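Notebook open, structure loaded. I'm jotting things down as I look them up.

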Amino acid sequence: MEAQGRTLTIRALKFDPHSAVSKPHFAEYKIQETDSMTIFIALNLIRENQDPDLSFDFVCRAGICGSCSMMINGRPRLACRTLTKDFPETITLMPLPAFKLIKDLSVNTGEWFAGMTKRVESWVHSNEETDISKLEKPIDPQEAQDVFELDRCIECGCCIASCATKLMREDFVGAAGMNRIVRFMIDSHDKRTDEDFYELVGNDDGVFGCMSLIACHDTCPKNLPLQSKIAYLRRKMVAVGAK
């Protein structure tokens with residue numbers, strides 16, 4: 001006979017900022033652990049069987065969309081990729097800090113990333129006229145691989161939520177923004193100069209505000225090379241500033 005799994009206590013922060021009577025509090029739920037259970041599966045069971053009012057985000061359930069990021073026992077993680085077996089019997093869930101709270105565990109990462117995209121001008125800048133009837137100019141395979149590596153960011157917000165500078169500086173662009181800058185710096189399709197990028201992030205709300213604690217690197221669920229790319233960007237911007 002198969003052994004019965006643990007009884008888990010899931011503590012989830014509940015709060016609706018749009019309600020005049022709602023107050024932040026933890027709700028506790030008891031569930032039976034099953035093989036390969038993730039936090040996402042646990043939350044779905046809770047919403048289906050105990051609390052249909054519990055709010056959290058998800059789309060792909062495969063670690064691709066970044067929607068289900070939340071604080072799990074004090075660390076930002078993806079709920080769909082986090083196994084309950086790796087935690088004690090009591091698991092505490094909270095919404096990501098640094099983002100606008102929608103309700104309970106749901107935050108508006110989309111609004112922040114849309115603003116960041118505009119701020120760092122996250123698109124290819126070129127004076128060449130685009131002809132969509134023609135093939136794109138080929139680039140070196142290694143360059144293409146390097147660009148693709150940084151394009152793997154899923155905008156989950158884990159790096160932003162773990163960033164001490166972001167929690168102190170509301171306008172700090174964060175690792176996600178700096179990663180985006182480097183992605184276009186190394187793309188030969190983009191004709192901007194280092195001086196152009198300096199105007200975007202060469203200040204305390206950009207690369208010079210980073211305290212190099214590298215929590216972003218440690219918490220990125222896609223294992224992006226944030227530490228080395230932030231260092232690369234800092235060297236480039238220091239060189240421009242020293243001119």
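How many helices and strands does the secondary structure of the chain come to? I get nine helices and seven strands, taken as DSSP runs numbered from the N terminus (helices H or I, at least four residues; strands E, at least two).

Before going further, a note on the source: this is a predicted model, where local features need pLDDT of at least 70, side-chain atom pairs count only at pLDDT 80 or more, and totals for chains, interfaces and linings use all residues. Residues are numbered from 1 along each chain as its sequence is written, and side-chain values use heavy atoms, with hydrogens and water left out.

Whole chain next. The C-alpha trace spans about 65 × 40 × 30 Å along its principal axes. Of the 243 residues, 43% are buried, meaning under 20% relative accessible area with a 1.4 Å probe, protein chains only. I also looked up contacts (heavy atoms within 4.5 Å): among those between residues at least 6 apart in sequence, 64% join residues at least 24 apart.

Then I zoomed in on strand β3, residues 69–72. S69 and M71 point one way, M70 and I72 the other, and all are buried.

What does β3 pair with? Pairing here takes at least two DSSP bridges between two strands. β3 runs antiparallel to β4 (residues 75–78) over four bridges, and two bridges join β3 to β5 (residues 90–94), also antiparallel. M71 has a bridge partner in each: P76 in β4 and M94 in β5.

Last entry: the β3–β4 hairpin has two residues between the strands, and N73 takes a positive phi near 50° there.

Conventions:
Buried means under 20% relative accessible area, exposed over 50%, partly exposed in between (1.4 Å probe, protein chains only).
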